[in-house]
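I opened this entry to keep a record of what I looked up. The structure goes in first, and my notes come after.

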Amino acid sequence: MTRVGQALVVLWIAAGAFAPVLAPNPPAAQFEFPYAPPMRPRIIDADGHWRAPFVYGIRVRSLIERTYEIDTTRPVPLVWFSNGRFVSTADPSTPLLLLGSDAINRDVFARLLYGARASLGVAIVAGVCALLIGAIAGAAAGYAGGWIDDVVMRAADLLILLPAIYIVLALRAVMPLTLEFHQVFWLMAVILGLVGWPHVARPVRAIVASESRREYVEAARAVGAGPGRIVLRHLVPAAGHALITQATLLLPAFVLAEATLSFVGLGFPDPAASWGTMLLEAGRNVRAVSEYPWMLAPAVAIILFVLGLHLSAGDGRRGEPLTDTSLGAK
Amino acid sequence: MRSSLVRRIIRRLFFAVLLVLFVSSIAVVLARLAPGGIGEDLLTPPEVRARIRAEFELDRPLPVFYLHWLGRLVRFDLGTSFVYGRPVGELVRDRAANTALLASTALAIATLIGIPLGVLTASHRRGILPAVVRGASVVALSTPPILTALVMVLIASRTGWLPVGGMGTVWHLVIPALALAFPVGATLERLQAGATTETLRQPFMLAALARGVPRSLLVWRHSFRASLVPVLGIYGVIVGTIFSGSFAVEIVTNWPGLGRLMLDALFARDVHLVAGCAVAGSFFLAVGTLAADVALSLVDPRLGEST
């Protein structure tokens, strides 16, 4: 199961990283079919003949009810590696819509891939921020002890106690409400990192504090290593496993935070695709989604990614997000 | 021992007051520093803007504003909301009660489902049911409330089994409470399973078994009592988790709670309302963690002695 989880995570990150190549269409391009159903690539045509992979075009049956039917008279062959895209159709008027289209005629599959890019990008950058701040703060607290330890760890305790989403919400909402894509990206990443670091600092502090009493640290000190070198080269690596564990707990929380922020309109600006903005589009018209279930693709994507991380973290017992570090009575 | 417990509670109360003060102060400062604000659009004539800003004391410098706000907070006066034109205290009390109803229902559901299932999966390691429960837990941990709520709203709107939004009857509570309860219940199940496994391995369990205590009594009574401490320890954290989760759920299911109010207040730059929500939110958080802590101290008297 651990392997399955890791595969899921790697798959999604690759999907985001290679989105411009993998997506058959640009994420913001609008075609002529709102809520078009997903297309199935075929190799056998309606007459039972084998042919190179192709899709059938779609024909509007009723524009008012937005129902479509497959146009079996018009097979459109798929072309590979053209225009820098892995796969697309030969005919630009019949785009390849693997997951159908949304309310304003955009390719849901392409948006899902670009959404992975934005959502996972934010989560990973935020994760790096949280790990950096947390490792430095935790190592400083654990190695120095005394009042530095007190101040840092009290601050961490307080941040952990507060409901994270409200801090994120408040910090985001006091910034200008409309921002550019890259501004939102970095702002969100930094905010999430600032909220997430205590979850890293706590285990790091505990490990550093106990490790710094071990003989090898004494030996390093004896051969003249300074505190900076001891902490960076000996103590932080000792906490490496804890860092990875916390990262697998923080990433799902960050992906969700992005989704929640975008869902309430404080996330990425409109034409940009992220899993959160796609959820928002699905949530805007609940009735439509029950007719056009492919609008739920971002929800499935989030669940699969989070599940993947939980599985790769090992036994589900450790899996509760953001609450892991305080299991014991304090 | 009693006196140490009382001392611990008093210390915790002091901490709770500090928490409320700290959180609401941050909220006031952040909300005042936010760009844009009441009457700062181009359509409002300058003299009207000045009058509005004077009415809400927004023309005063931040320190003065903050001290005035603090002075009124001591008298339980949270000011007036610009958006709603009603006293903030009233608004916040109604909405906080709704959130509290939702959160406590979810917590009750999660406890009633998660704890027994946890004991079950730990005491019967083989068989289909424990495996199913374990699998379901991992999946439930991965399905955040915002998604569960959204999917349930979709199903309900398609089938008409449940009302999809707002608040009114008990049925309106089902979707948001269940969505909130799933991941928490799974957390409790995993934790209880871990704690039960741990206690069943203790020597005193073997001793009790040897003396002829029936196995079911051993599992459900003896080991259960011993596993209470680690499980209760998580409740203080869960209060915050549920609070976080309820924000998204309130938005999706249109539940008129504190989260919605806070969001509207932030968008409208309604400083008094933002601060009021922060007061109410941190108050509930403080009460929740305090209650969890007291419960923990009652179960495990050693904690009261050590501090």
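This is a predicted model: local features need pLDDT of at least 70, side-chain atom pairs count only at pLDDT 80 or more; totals for chains, interfaces and linings use all residues.

I looked up the strand order in chain A and found an open sheet of four strands, ordered 1-2-3-4, with antiparallel pairing. Strand 1 (42-44) and strand 4 (85-89) of chain A each have a single partner strand, so they stand at the edges and one side of each has no neighbour in the sheet. On average, neighbouring strands here are turned by 45° against each other, direction ignored. I then checked strand 3 (residues 67-82) of chain A, which runs antiparallel to strand 4 of chain A and is joined to it by four bridges. For A:Leu78 I noted A:Thr89, in strand 4 of chain A, as the bridge partner.

Entry two, the contact. How many residues does each chain bring to it? I read 37 residues from chain A and 48 residues from chain B. Several helices of chain B supply at least two residues each to the side that touches chain A, including helix 1 (2-33) and helix 7 (171-200). Helix 9 of chain B gives the most to that side, with 13 residues. I sorted the residues of this side of chain B into 32 nonpolar, twelve polar and four charged.

A:Tyr35 is not a glycine, yet its phi is positive, about 50°. I located A:Tyr35 in the loop between helix 2 (19-22) and strand 1 of chain A. Is A:Tyr35 buried or exposed? A:Tyr35 has 21 other C-beta atoms within 10 Å, and 20 or more count as buried, so A:Tyr35 is buried.

B:Arg269, also not a glycine, has a positive phi of about 55°. I found B:Arg269 in the loop between helix 10 and helix 11 of chain B. With 23 other C-beta atoms within 10 Å, B:Arg269 is buried.

Methods
Residues are numbered from 1 along each chain as its sequence is written. Chains are lettered from A and ligands numbered from 1 in the order in which they are written. Two strands pair if DSSP finds at least two bridges between them. Axes are lines fitted to C-alpha atoms, for helices over the stretch in contact, and angles run from 0 to 180 degrees between N-to-C directions. Two residues are in contact if their C-beta atoms, placed from the backbone, lie within 7 Å. Ala, Val, Leu, Ile, Met, Phe, Trp, Tyr, Cys and Pro count as nonpolar, Asp, Glu, Lys and Arg as charged, and the others, Gly among them, as polar. A residue is buried if 20 or more other C-beta atoms lie within 10 Å of its own, exposed if 12 or fewer, and partly exposed in between; C-beta atoms are placed from the backbone.
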